[in-house]
Amino acid sequence: MRAKYRTIMQVISGTVVCGALTLMGESNPYRGLWVGQAKLNFVNEVAVGFDQNNVAVAPDPGRPTPTADQAQIRLILHVNGAGQVTLLKDVAVLRRTAAGETNRWFGSEADYALVTDERRYSDFPVQQARRIASAVFDFGDIHATEAVDGLVLEVSAAVAASVTTTIDVLTARSAATAAAANVVANSDVAETFDQFLKTKLPQSTVSAIALSLNPAADIALLRGDAQSLAECSCYHDTRPVDVLDALEAALATATGDAEKIVAAQGAVARYADVDNLYARYVSGRV
């Protein structure tokens, strides 16, 4: 693997943009954007062939078979400050501020951002940017399968309910479309959880809960919204509930105003998606 780009980056909100930040003081020596080539020139055979006597001959799994030619596979990896590695399909290296052609690849690391969602391009000045992509990976991960399964179940249920009252194609189609739109909207759990943190648990609110005379009661007021988010999508994303549990547990052992604020802010901040459990498909990709 060759290091072509080395920038100190951290995933913001576990989704699309990486900036020059360090996560809670953690700093991995391999952090940054890595681009390289992997050469595929041996394969393990799974098919069982037959010899000249029509006898089945299984290949030795311990001895890979050389290929007639080499397959070049571009790999794009991002390592955050905590050392978690994310495999990217594509990424654009963009300047945060407008810059002339002569110095667009110079300056400090804080001048640049890594963007993996084209919807965010408009957040940056018009510029000649560098985009790196790999056609090999399409990320047909389990989250995509779950979304399709959820879509099929909801659409089937909506159509079945429709035809029990009236056998009309247009009515059934409208019911199916509405059910599908609901699944798609609720599948963007990365965005909904991000909005939950921003609107329900901003820094000021977390500090106020930490200093409250009855923090458990304040947290209880947020549990209805958290539970609704956990149940509304096919992924059953429990993070909204989990972050409230963590906040309540942190405040149960903290003493003193300063310690309570630090404990509360730390409990909420740890719920950034640094483990990349909610892949980019869930972040709004069609």
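Trainee: In what order do the 3 strands of the open sheet come, and how do they pair?

Mentor: The order is 3-6-7, and the pairing is antiparallel; strands here are DSSP runs of E with at least two residues, helices are runs of H or I with at least four, both numbered from the N terminus, and two strands pair if DSSP finds at least two bridges between them. This is a predicted model, in which local features need pLDDT of at least 70 and side-chain atom pairs count only at pLDDT 80 or more, while totals for chains, interfaces and linings use all residues. Residues are numbered from 1 along each chain as its sequence is written, and side-chain values use heavy atoms, with hydrogens and water left out.

Trainee: Why is one side of strand 3 and of strand 7 left without a neighbour in the sheet?

Mentor: Strand 3 (32-43) and strand 7 (85-88) stand at the edges and each has a single partner strand, so one side of each has no neighbour in the sheet.

Trainee: OK, and what joins strand 6 to strand 7?

Mentor: Strand 6 (residues 65-79) is joined to strand 7 by 4 bridges, with Val79 opposite Val85 and His78 opposite Thr86. The two strands form a hairpin with 5 residues between them, and Gly83 in the turn has a positive phi of about 95°.

Trainee: Switching topic, which residues have the most contacts inside the largest nonpolar core?

Mentor: They are Phe196, Leu201, Val243, Leu244 and Leu247, in a core of 18 residues; such a core is a set of buried Ala, Val, Leu, Ile, Met, Phe, Trp, Tyr and Cys residues joined through side-chain atoms within 4.5 Å. Helix 7 (239-253) is one of the helices that each supply at least two residues, and helix 7 gives the most, with 5 residues. Apart from this core lies another, of 9 residues, among them Leu33, Leu88, Val93 and Ile132.

Trainee: What does Val243 touch?

Mentor: Not counting residues up to four places away in sequence, Val243 touches Phe193, Phe196, Leu197, Leu201, Ala267, Val268 and Tyr271, where contact means heavy atoms within 4.5 Å.

Trainee: And how many helices and strands are there in the chain?

Mentor: The chain has 8 helices and 10 strands, and buried residues make up 33% of its 286 residues.

Notes:
Buried < 20%, exposed > 50% of the residue type's maximum accessible area, 1.4 Å probe, protein only.
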